[in-house]
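Me: Could you walk me through a structure, starting with how pockets are found in it?
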Amino acid sequence: AVHSMKDVPNQLPTGFSIVAVLEREDVHDVLVSREGYSLQNLPVGATVGTSSLRRKSQLLSYRPDLVIRDLRGNVPTRLAKQKDGDYDAIVLAAAGLKRLGLYDDMAQSLSISEMLPAVGQGAIGIEARTDEKELAHTMDFLNDSSSFREVSAERAFSAFLNGSCQAAIGALAEVRGENLALKGVVADPDGSKIIRLDVTGPIHNPESVGNDLGKKMRKAGADQLLQLS
């Protein structure tokens with residue numbers, strides 16, 4: 001099975017595993033508006049569309065004046081709602097827009113300091129039965145080792161905190177030589193309380209890097225914030 005990794009639960013059913021992760025697309029979120037607004041120059045009290053608690057909490061931590069409204073539907077439907085004036089701006093994943101050929105000058109990339117992406121954002125993964133060793137070997141040529149390690153660290157971090165794609169939790173890992181740098185964010189829904197932390201660990205054990213950040217987050221009070229989601 002082929003999945004967008006940001007939608008794959010942290011715990012797979014027994015007997016299944018991720019055997020390959022393709023080279024990752026752009027990990028950023030983008031702000032889309034008819035005027036090409038950035039997060040800084042959105043009008044005071046602007047209405048922004050997103051159904052993601054992760055996005056909502058981070059937006060409000062920088063701009064508590066914004067009005068965040070739910071946004072549903074596939075990508076073309078969401079873009080149409082924004083163009084029709086239902087929202088001053090909407091937030092989408094850059095990867096989805098690029099893969100659909102819909103990324104244009106009206107999409108303003110949000111920096112990592114403004115918006116940490118969802119766990120696995122921009123990555124496509126292949127899931128297979130764990131006992132299908134020959135099939136997993138066949139998929140080796142599709143696997144990008146750096147992307148696989150980055151996504152593995154992010155997923156371990158989320159799993160440690162019992163996070164899900166509905167929680168106000170974000171993460172981004174980056175291979176740096178023989179090390180793996182991992183940033184994480186956990187927030188309450190209104191963005192008034194937010195924890196941003198990072199760790200660096202060995203590239204050969206991405207799960208331990210994710211667990212280390214999870215422990216650090218837990219000590220800082222992440223569990224209490226996630227209970228509010």
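Reply: A pocket here is an open set of points on a 1 Å grid over the protein atoms alone, with protein on both sides within 12 Å along at least five of seven lines, and lining residues have an atom within 4 Å of a point. Grid points are joined across faces, edges and corners, and a volume is the space filled by probe spheres set on the points. This is a predicted model, in which local features need pLDDT of at least 70, side-chain atom pairs count only at pLDDT 80 or more, and totals for chains, interfaces and linings use all residues. Residues are numbered from 1 along each chain as its sequence is written, and side-chain values use heavy atoms, with hydrogens and water left out.

Me: OK, how much space lies in the second largest pocket?
Reply: The second largest pocket holds about 220 Å³. It is lined by 13 residues, and those closest to its centre are Asn-10, Ile-18, Ser-152, Arg-155 and Glu-207.

Me: Which elements give two or more residues to that lining?
Reply: They are strand E2 (16–21) and helix H5 (145–160), where helices (H or I, at least four residues) and strands (E, at least two) are DSSP runs numbered from the N terminus. H5 gives the most, with 5 residues.

Me: And how does the lining divide into nonpolar, polar and charged?
Reply: There are 8 nonpolar, 3 polar and 2 charged residues in the lining of this pocket, counting Ala, Val, Leu, Ile, Met, Phe, Trp, Tyr, Cys and Pro as nonpolar, Asp, Glu, Lys and Arg as charged, and the others, Gly among them, as polar.

Me: Switching to Leu-12, where is its place?
Reply: Leu-12 is in the loop between strand E1 (2–4) and E2. Not counting residues up to four places away in sequence, Leu-12 touches Ser-17, Ile-18, Glu-127 and Arg-155, a contact being heavy atoms within 4.5 Å. Glu-127 is 115 residues from Leu-12 in sequence, and their C-alpha atoms are 9.3 Å apart in space.

Me: Why is Leu-12 called partly exposed?
Reply: Because its relative accessible area is 22%, and partly exposed lies between buried, under 20%, and exposed, over 50% (1.4 Å probe, protein chains only).

Me: What about Asn-211, what is it in contact with?
Reply: Asn-211, in helix H6 (residues 206–219), is in contact with Ala-156 and Phe-160, leaving aside neighbours within four places in sequence. The C-alpha atoms of Asn-211 and Phe-160 are separated by 6.1 Å, although the two residues are 51 residues apart along the chain.

Technical notes. On a 1 Å grid over the protein atoms alone, a cavity is a set of points where a 1.4 Å probe fits but cannot get out, and a pocket is an open set with protein on both sides within 12 Å along at least five of seven lines; lining residues have an atom within 4 Å of a point.
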